[in-house]
Amino acid sequence: MSSSAREQEWAEWMRRAIDGDSAAYHRFLSAVTPHLRSLARRRCAAFGAPASEAEDIVQEVLLAVHLKRGTWDPARPIGPWLATIVRNKLIDALRRRGRETSVPVEDIAELPALDDRTDGSDRIDVEHMLDKLKEPQRDIVRSISLEGAGVRETAQRLSMSEGAVRVALHRALKSLAAIYRRSDGEDD
């Protein structure tokens with residue numbers, strides 16, 4: 001299947017998912033995850049991030065796709081929208097690492113920034129999911145993934161080591177993915 005046909009199929013599943021078809025959303029997530037993983041690995045390698053960051057980036061991308069799916073314009077291709085989210089999450093990961101990285105502007109600017117407009121239901125969705133996490137995981141996800149704070153800043157605020165914050169974030173994202181999979185198809 002060509003990448004164009006594949007993206008058209010993904011777009012159709014996402015349109016149906018936005019209309020409430022949870023089976024289509026599950027198909028969409030299952031189909032795009034290997035693509036996101038491959039893209040994250042390539043981008044990590046290109047920008048000097050360790051390969052171990054790729055899976056964390058994929059988890060953050062999947063969460064962002066869930067929370068921001070209402071921002072995707074169904075009249076536009078879905079591939080660039082997904083690539084922009086991967087790019088933004090990679091940049092966030094590089095910033096959190098606190099490492100100075102030299103990245104050619106052309107590589108970062110290849111796609112327009114994702115529109116941050118959301119409707120109120122996205123915020124309710126995320127709060128509902130976060131309520132199912134234990135502290136300090138809930139606070140760490142809010143701080144790093146939603147508010148854009150760095151690992152160092154979050155660790156200092158919570159009196160934790162940076163390593164402990166990273167581990168807690170990783171576990172929290174895995175928990176959120178499991179919570180989402182369990183709730184897939186349920187009406188809340």
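This is a predicted model: local features need pLDDT of at least 70, side-chain atom pairs count only at pLDDT 80 or more; totals for chains, interfaces and linings use all residues.
**View 1. Overall fold of the protein chain.** The secondary structure consists of nine helices and zero strands. Read from the N terminus, the order of elements is α-α-α-α-α-α-α-α-α. Of the 188 residues in the chain, 41% are buried. Among contacts between residues at least 6 apart in sequence, 67% join residues at least 24 apart. The accessible surface is about 10,200 Å², and carbon and sulfur atoms account for 49% of this surface.

**View 2. Helix α2 and its ends.** Helix α2 covers residues 22–46, 25 residues in total. The distance from its first C-alpha to its last is 35 Å, close to the 36 Å expected at 1.5 Å a residue.

**View 3. Bend and buried residues of α2.** The helix bends by about 30° at V32. A proline, P34, follows within four residues of the bend. V32 is itself buried. The other buried residues of α2 include A24, Y25, F28, L29, T33 and L36. Further along the helix, L39, A40, R43 and C44 are also buried. An α-helix has 3.6 residues a turn, so residues three or four places apart point the same way.

**View 4. Cis peptide bond between E135 and P136.** The bond joining E135 and P136 is cis, with omega about 5°. Most peptide bonds are trans. P136 lies in the loop between α6 (120–130) and α7 (137–146), and E135 is placed in this loop as well.

**View 5. Surroundings of E135.** The side chain of E135 forms a polar contact of 3.0 Å with the side chain of R138. It also reaches the backbone nitrogen of D139, at 3.4 Å. The C-alpha atoms of E135 and A168 are 9.8 Å apart, although 33 residues separate them along the chain. With a relative accessible area of 46%, E135 is partly exposed.

**View 6. Positive phi at S159.** S159 is not a glycine, yet its phi is positive, about 55°. Most residues other than glycine have a negative phi. The position of S159 is in the loop between α8 (151–158) and α9 (162–183). S159 counts as exposed because its relative accessibility is 69%, above the 50% cut-off.

Notes:
Residues are numbered from 1 along each chain as its sequence is written. Side-chain values use heavy atoms; hydrogens and water are left out. Helices (H or I, at least four residues) and strands (E, at least two) are DSSP runs, numbered from the N terminus. The expected span of a helix is 1.5 Å times one less than its number of residues. The bend at a residue is the angle between axes fitted to the seven residues ending there and the seven starting there. Buried means under 20% relative accessible area, exposed over 50%, partly exposed in between (1.4 Å probe, protein chains only). A polar contact is a pair of N or O atoms within 3.5 Å; within protein, one must be able to donate a hydrogen and the other to accept it, and residues adjacent in sequence count only if both atoms are side-chain atoms. Contact means heavy atoms within 4.5 Å. Accessible areas come from the Shrake-Rupley method with a 1.4 Å probe; for residues, only the protein chains shown count as cover.
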